[in-house]
Amino acid sequence: MPEPIPAADRPGEHAGQRSSRATVHDSGSRPPNAPPAAKPGQAGKPKRKRKRHLLRWFLVVLLILVLLPVGVLFYYDAQLHRVDALAAYAGRPAGTPGTTWLIVGTDSRADLTQDEKDKLATGDSDGARTDTIMLAHLPPSGSAMLISIPRDLYVPIPGMGSHKINAAFNEGGPQLLVRTVEDLSGLRIDHYAEIGFGGFDRLVDAVGGVQMCLDQPLRDPKAGLRLKAGCQTLNGAQALGLVRTRAFPNADLERVVNQRKFLTALMHRAMSPSVLLNPFQLFPFLNGAVAALTVADGDHLWHLAWLGYKLTGDTVTTTVPTGGSTYTDDGDSLATDQSTADFFDYLRRGKPVPTDLLSEGGA
């Protein structure tokens, strides 16, 4: 474009015209070659577009953070092994206050290779017997309870007469054991969880081991156990040996104390931030849990998570009171008596169990 002629050099233009032109320019007219003026309301549009863009990304991230855990939860829940453990039968107890789990540890070796049997010192016995029988009782109010039922407790077993209680699982599996425990206690079993030898050690290793404090050194060649006294972190094989060993003066009665203490320690470890917030431990733990556990039809991963959470709180641990040793057709056994009936009566009524019916021993 040609350069504009300065006003002073324009021919025929006098001072009045220059003054008039200046007045028009000063009154707000757009100078030559200036960019078009923005229309009203257009100045804030770029900022609003950026805000909408950031909001969309925020919603996408929020959706991922919500859907991903839900997807993981349902994926692992679908992997759980399930069994029809809580079958209906005539005379089954009605619902009782609170929530009650039957937790079973078996000596099943079905999923172990020969090398694993040798490493874990499990032997080669066929079938499955219940080395661990516990009730986890979550009352309507107050502390959760973890209750051991000694495997040698001599009780009536439907269709079999009276035997040690662990015979119920060996002869009739989870259904017969659940019914036997319900007949003994009068409690309705709401949930069922079972773990065998093979899954137990992998579950412990998945969380990096579990710390236990022992009052005395333990040596038990039958369980492949050799532990020093004091606090130490047990790996899966050592933990399995600890919950199996009966090398104590009180045999099974002391073993069940160790089993309860180990289970609560495992729950504390599994529910700790160092596991839950660490994907390198959380996912191995979930893989180990779903591979090792068998639950009842209708039980889900969130039920197990709630149980773990409740057992990390102020938990009362005890053994079902008995009438002491007795000799039966099954050999040395433990008898039931009035204290056994009174103990379960408090639970059925949703009442705190008196301290004189609770037991706790060192381990």
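This is a predicted model: local features need pLDDT of at least 70, side-chain atom pairs count only at pLDDT 80 or more; totals for chains, interfaces and linings use all residues.

Visitor: Where does Glu-182 lie in the chain?

Guide: Glu-182 belongs to helix H4, which covers residues 166–185. Pro-93 is 89 residues away from Glu-182 in sequence, yet their C-alpha atoms are 7.1 Å apart in space.

Visitor: With which residue does Glu-182 form a salt bridge?

Guide: Side chains of opposite charge can pair when their charged atoms come close. Here the partner of Glu-182 is Arg-92, with 3.1 Å between the closest N and O atoms. This pair connects distant parts of the chain, 90 residues apart: Arg-92 sits in the loop between strand E1 (81–83) and strand E2 (99–106), and Glu-182 in helix H4. Arg-92 is buried as well, at a relative accessible area of 16%.

Visitor: How many salt bridges does the whole structure contain?

Guide: A search finds 6. One of them joins the side chains of Asp-77 and Arg-82, at 3.1 Å from N to O. Asp-77 is buried, with 6% relative accessible area, whereas Arg-82 is partly exposed at 31%. Another joins Arg-349 to Asp-345, at 3.0 Å from N to O. Arg-349 has a relative accessible area of 43% and is partly exposed; Asp-345, at 26%, is also partly exposed.

Visitor: Which residues form the nonpolar patch on the surface?

Guide: The patch consists of Val-70, Leu-73, Phe-74 and Trp-302, which together have about 340 Å² of accessible area. Helix H2 (residues 45–79) is its main contributor, giving 3 residues. Val-70 lies in that helix. Patch residues must have over 30% relative accessible area, and Val-70, at 39%, is partly exposed.

Visitor: What is the volume of the largest pocket, and which residues lie nearest its centre?

Guide: The volume of the largest pocket is about 970 Å³. Its lining comprises 42 residues, and Leu-203, Met-267, Phe-285, Ala-289 and Leu-293 lie nearest the centre.

Key:
Residues are numbered from 1 along each chain as its sequence is written. Side-chain values use heavy atoms; hydrogens and water are left out. Patches are made of residues with over 30% relative accessible area and no salt bridge: like charges are joined within 9 Å, nonpolar side chains (Val, Leu, Ile, Met, Phe, Trp, Tyr) within 5 Å. Accessible areas come from the Shrake-Rupley method with a 1.4 Å probe; for residues, only the protein chains shown count as cover. A salt bridge is a side-chain nitrogen of Lys or Arg within 4 Å of a carboxyl oxygen of Asp or Glu. Helices (H or I, at least four residues) and strands (E, at least two) are DSSP runs, numbered from the N terminus. Buried means under 20% relative accessible area, exposed over 50%, partly exposed in between (1.4 Å probe, protein chains only). On a 1 Å grid over the protein atoms alone, a cavity is a set of points where a 1.4 Å probe fits but cannot get out, and a pocket is an open set with protein on both sides within 12 Å along at least five of seven lines; lining residues have an atom within 4 Å of a point. Grid points are joined across faces, edges and corners, and a volume is the space filled by probe spheres set on the points.
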